[in-house]
Amino acid sequence: VSNYASIVFGIKAKRIDLAFVGPLNYVILNKNTGAYPLTSAIRFGQAGYHSLMITRKDSKIKQIADLKGKKFVFGDVLSTSSTLYPKKMLQEAGLNLKQDIKSAKLGNASAIVIAVMQGTVDAGSIYKDARENSEVLERFPNILDETIIIAESELIPADPQIVGKHISKPQAEILKKGLIAISQKAESKKILKSLFLIDELIPASDQDYDGLREVILSVNPDLL
């Protein structure tokens, strides 16, 4: 599908049974459709990931406070790592999102990294570590040396693999076991790693996302 809104409609219409989604998308889907998680992703040994704020190494920006008056690029409005958590960090640093920064938006993390490197924006927010995405490294092989991390977020709950509530519990349990088993097979592990940087899948529950719900309510309650 072209966007996460399509997954909401697809699950409601029972045209989508199983979906890989982001954690924020899941919370919204759960509220709107009753969909629930079967598994979640392990990356770099963690059941979750971090948001990074990055800038070029030659920039004068060294901390969040230095972003005042600068052009900052966010990702999709439904992205935890490139929009929700960065806005939380900016607010906690005392910056007014409407007055203190010039914001822009791009559709994915790789595009954000490239925009920062090209100087189109002063800084941007990505998931850790989108700088190593293949399409970025092809253009900027020394990207890790040419950028610095301004700030890193607290741990964000891992992105889940969810099913619609129209799927029977026995079938959902079969799907859960299947996903976990697939993530342990050598060939499948290569695919998950290359597509999503996922090392393996583990069991997940709705309660894993209660902390995220609190962040949403503090930053942008309209999402719910």
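**Entry 1: P141**

I located P141 in the loop between α5 (134-139) and α6 (143-146); helices are DSSP runs of H or I with at least four residues, strands are runs of E with at least two, and both are numbered from the N terminus. The model is a predicted one, in which local features need pLDDT of at least 70, side-chain atom pairs count only at pLDDT 80 or more, and totals for chains, interfaces and linings use all residues. I note that residues are numbered from 1 along each chain as its sequence is written, and that side-chain values use heavy atoms, with hydrogens and water left out.

I looked up the accessibility of P141 and found this residue exposed, at a relative accessible area of 60%. With a 1.4 Å probe and protein chains only, buried means under 20% relative accessible area, exposed over 50%, and partly exposed in between. I then checked P141 against R131: they are 10 residues apart in sequence, and their C-alpha atoms lie 9.7 Å apart.

**Entry 2: the whole chain**

I counted nine helices and 11 strands in the protein chain. Its radius of gyration is 18 Å, close to the 17 Å that the globule rule gives for 224 residues, so the chain is as compact as a globular protein of that length. The radius is taken over C-alpha atoms, and the rule is 2.2 Å times the number of residues to the power 0.38. The C-alpha trace spans about 55 × 40 × 30 Å along its principal axes.

I recorded that buried residues make up 47% of the 224 residues. Of the contacts with a separation of 6 or more, 76% come from residues 24 or more positions apart; contact means heavy atoms within 4.5 Å.

**Entry 3: α2 and its two helix partners**

I compared helix α1 (residues 4-12) with helix α2 (residues 23-33): their axes come within 10 Å and cross at roughly 30 degrees. That makes α1 roughly parallel to α2. Axes are lines fitted to C-alpha atoms, for helices over the stretch in contact, and angles run from 0 to 180 degrees between N-to-C directions. Angles under 35 degrees count as roughly parallel, over 145 as roughly antiparallel, 65 to 115 as roughly perpendicular and the rest as oblique.

From α1, residues Y4, I7, V8, I11 and K12 meet N25, L29, N32 and T33 of α2. I sorted the residues of this contact into five nonpolar, three polar and one charged. Ala, Val, Leu, Ile, Met, Phe, Trp, Tyr, Cys and Pro count as nonpolar, Asp, Glu, Lys and Arg as charged, and the others, Gly among them, as polar.

I next examined α2 with helix α9 (residues 210-219), whose axes come within 10 Å and cross at roughly 90 degrees. That makes α2 roughly perpendicular to α9. Here P23, L24, Y26, V27 and N30 of α2 meet L212, R213 and I216 of α9. By class, I find six nonpolar, one polar and one charged residues in this contact.

**Entry 4: backbone exceptions**

Most residues other than glycine have a negative phi, and most peptide bonds are trans. I noted K14, which is not a glycine, with a positive phi of about 60 degrees. K14 sits in the loop between α1 and β1 (18-20) and is exposed, at 56% relative accessible area.

L197, also not a glycine, has a positive phi of about 60 degrees. I placed L197 in the loop between α8 (186-196) and β11 (200-203); at 23% relative accessibility, L197 counts as partly exposed.

I found the peptide bond from K128 to D129 to be cis, with omega near -5 degrees. D129 belongs to the loop between β7 (123-127) and α5.
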